[in-house]
Amino acid sequence: MTYSAIAGSGGFLPERVVSNDALAADLAAHGVETSDEWIVERTGIRQRHLAERGVTTSQLATEAARLALQDADLQASDVDLIILATSTPDFVFPSTACLVQANLGISGGAAFDVQAVCSGFVYALTIADSFIRTGRARCALVIGAEVFSRILDWNDRKTCVLFGDGAGAVVLKAAQEPGIMAAQLHADGSLAKILNASGNVAYGEVTGDPFLRMDGQAVFKQAVTVLERSARAVCDEAGLQVSDLDWLVPHQANVRIINFLGRKLGVPTERVVVTVDRHANTSAASVPLALDAARRDGRIQAGQTVLMQGVGGGFTWGSVLVRM
Ligand code: UT7
């Protein structure tokens, strides 16, 4: 039996850090009122990294991928599959995964994008696990990468203060022991309206609304409900109790959602990884960035069980339970 296991991780954030105060001052200059106090109290976000004009998702993704390969002590030539989760691809096509493949100087293996918004990374990881278990790949780069700042309406204070840019990646390799112990993915398309960017390209023009729109309270309620249910189901699938988890690495959208989830599951705060204060919500990049941060600062260790969870537009959600 072949399983898959995480062999390395990497994270990359654009250099420019924008504090809540700096953002509030910028927004005030065009009549949009917000404050550090409101943002911290309602979301836990203190700053975000924003890509300069011209910096692309594929560039951020390539840097994260290189760091993950270095961490795994592997070469790009070892990779035979690239799955990249993003809702802010460089182009309509080719896929951003193909651009990353070219940047890494390799060719021949499969490379494609996955579109599941903030659940994108757990979707991509689950797909890569299936490829490896069935022998269709041996060594995958699984990446979440976004420049969400490009699809924000900077006149809408209900959304523009919440997001940041960045990329996270893992190397997933064939292994004799699991690695990935259980995974479950879900969607409910009837909830598309609570979080979407509904513009499209037709007849050579961008038509419709090009910006992200969200009913924050509806998303909040949905997120806490489905994340708790999904965490319990995936632990059941693996034959574990929630109390057996060493780490919870949830999607980083709002510290209030994360704390609520931790309390409902009975996972103590010190075993929940939080990066939303520094990164804001980086959509598909949030989970691998948080995983990488906690591996590099020595919290997440080999042999420990980690539950990663995504939730977001679609509506989509999912959980992946891993032994590191
Ligand atoms: O990644 C996908 C997943 N996304 C999420 O999980 C996001 C989920 N939702 C949330 O995190 C929260 O609902 C938000 C952070 C988006 C909003 O927090 P809230 O506690 O639900 O606030 P609210 O929307 O009820 O707004 C409360 C007040 C409103 O004013 P009134 O109507 O009470 O006078 C807003 O206009 O806060 C006002 N407000 C702001 N004030 C200052 C909204 N945004 C801002 C802002 N600065 N940036």
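Predicted model: local features only at pLDDT ≥ 70, side-chain atom pairs only at ≥ 80, totals over all residues.

Reader: Let us begin with α7. How many residues has it, and how far does it reach?

Author: Helix α7 has 23 residues and reaches 32 Å from its first C-alpha to its last, which is close to the 33 Å expected at 1.5 Å a residue.

Reader: What comes just after α7?

Author: The residue G239 lies there, and its phi is positive, at about 70°.

Reader: How do α7 and α8 cross?

Author: Helix α7, residues 216-238, and helix α8, residues 255-265, have axes that come within 10 Å and cross at roughly 40°. The crossing of the two is right-handed.

Reader: Which residues meet there?

Author: From α7 the contact takes in F220, A223, V224, L227, E228, A231 and R232, and from α8 it takes in R256, I257, F260, L261, K264 and L265. By type, the residues of this contact comprise nine nonpolar, four charged and no polar.

Reader: Why would residues three or four places apart in a helix point the same way?

Author: An α-helix has 3.6 residues a turn, so residues at that spacing point the same way.

Reader: Which residues of α7 are buried?

Author: The buried residues are V219, A223, V224, V226, L227, E228, S230, A231, V234 and C235.

Reader: And what covers them?

Author: The cover for the buried residues of α7 includes helix α8 and the strands β8 (180-187), β9 (195-196), β12 (213-214), β14 (305-312) and β15 (316-323).

Reader: Turning to the sheet, in what order do the strands stand?

Author: Four strands form an open sheet with mixed pairing, in the order β8-β15-β14-β13. Strands β8 and β13 stand at the edges with a single partner strand each, so one side of each has no neighbour in the sheet. From one strand to the next, the twist averages 10°.

Reader: What of β13 and β14?

Author: Those two strands run parallel and are joined by four bridges. The bridge partner of W247 in β14 is V306.

Reader: Which way do the residues of β13 point, and are they buried or exposed?

Author: In β13, residues 247-250, W247 and V249 point one way while L248 and P250 point the other way, and all are buried. In a regular strand, side chains alternate between the two faces of the sheet.

How values were computed: Residues numbered from 1 in each chain as written. Heavy atoms only, no water. Axes fitted to C-alpha atoms, helices over the stretch in contact; angles between N-to-C directions. Left-handed = near helix turned anticlockwise from the far one by under 90°. Contact = heavy atoms within 4.5 Å. Nonpolar A, V, L, I, M, F, W, Y, C, P; charged D, E, K, R; others polar. Expected span 1.5 Å × (residues − 1). Buried < 20%, exposed > 50% of the residue type's maximum accessible area, 1.4 Å probe, protein only. Pairing = 2+ DSSP bridges.
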